[in-house]
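Hi everyone, thanks for making time. I'd like to walk through one model with you, so let me put it up on the screen.

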Amino acid sequence: SSWSFIPPCTAMFEVAAGIVVFALALLGQITGIMTIRNRILAQQMATPRDQQDLEAKPDSLPLDMRVFLFCFRRIFIIPHSWTSSEKTVTKWANIHRHATENNVAFGFVLFGSYMALQHARMNGGDTDTNSVEVSLFVYLGLRVVHWLLYAGEIRQPYRALSFIGTNAAMAAMLRNAVGRFLSV
């Protein structure tokens, strides 16, 4: 088997973790693209210098900015007639910030779970990962739900419920990790 170098107790955990991390990274990339896309459409850049360049006449833009705008619009199939509002730019910036803040904490909990599993394996402790794998996929599912609710501008408390669910999934993973460390 291609997984023979990984102890059996961690193989499924690592596959599940890999799937979840890949999916969260993909969601983050889509969010980043949507943020940039809406900034350009709304002509609302992130830095004053870029904003100043963008507000200049198209012919007076620096060459690199003209090339960037030319390529970006074609890569993401953005007609010149499309626009975006400040509200939409703010929404995507908030989605991006929220995901970044939460996924960093998740990364630490995931790493702690992996270390706890290795500690248990080396010391003869419980190496069953089923509950952690379930928590991983619950976290991913609820992050996607939260993203869709935020992007769709669905009102509270629905976004908050999915956010609370992601925190509960992380708490379950953390409880599991601490239990592994304390049991051996």
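On our scale buried is under 20% relative accessible area, exposed is over 50%, and partly exposed is in between, with a 1.4 Å probe and protein chains only. You'll find S85 in the loop between α3 (63-75) and α4. Its C-alpha atom is 9.1 Å from that of Q43, and those two are 42 residues apart along the chain.

Before I go on, a word on where this comes from. It's a predicted model, so local features need pLDDT of at least 70 and side-chain atom pairs count only at pLDDT 80 or more, while totals for chains, interfaces and linings use all residues. Residues are numbered from 1 along each chain as its sequence is written, and side-chain values use heavy atoms, with hydrogens and water left out.

Now the overall picture. The protein has six helices and zero strands, and from the N terminus on the order is α-α-α-α-α-α. Those are DSSP runs numbered from the N terminus: H or I with at least four residues for helices, E with at least two for strands. Of the 184 residues, 36% are buried. Take the contacts between residues at least 6 apart in sequence, and 77% of them join residues at least 24 apart; contact here means heavy atoms within 4.5 Å.

Next, a helix pair. Helix α4 (residues 86-122) packs on helix α5 (residues 130-151) at an angle of about 175°, and their axes are 11 Å apart. Axes are lines fitted to C-alpha atoms, for helices over the stretch in contact, and angles run from 0 to 180 degrees between N-to-C directions. So the two, α4 and α5, are roughly antiparallel, a label for angles over 145 degrees. On the α4 side the contact includes W92, H98, A99, N103 and F106, and on the α5 side residues including L136, Y139, R143 and W147. By type, the contact of α4 with α5 has 11 nonpolar, six polar and two charged residues. For the record, Ala, Val, Leu, Ile, Met, Phe, Trp, Tyr, Cys and Pro count as nonpolar, Asp, Glu, Lys and Arg as charged, and the others, Gly among them, as polar.

While we're on α4, look at F108, which sits in that helix. F108 counts as exposed because its relative accessibility is 64%.

What about holes? Searching the whole structure turns up one cavity of 30 Å³ or more, and the largest cavity has a volume of about 50 Å³. A cavity is a set of points on a 1 Å grid over the protein atoms alone where a 1.4 Å probe fits but cannot get out, and lining residues have an atom within 4 Å of a point. The lining is L24, L27, G28, T31, A99, N103, R143 and W147. α1 gives the most to that lining, with four residues.

Last stop, the loop between α5 and α6 (158-183), where P157 is found. Q156 and P157 are joined by a cis peptide bond, with omega about 15°. E153 is in the loop between α5 and α6 too, and its phi is near 55°, a positive value in a residue other than glycine. E153 counts as partly exposed, because its relative accessibility is 40%.

Note on methods:
Parallel < 35°, antiparallel > 145°, perpendicular 65-115°, else oblique. 1 Å grid on protein atoms, 1.4 Å probe; cavity = no way out; pocket = protein on both sides within 12 Å on 5 of 7 lines; lining within 4 Å. Points joined across faces, edges and corners; volume = space filled by probe spheres on them.
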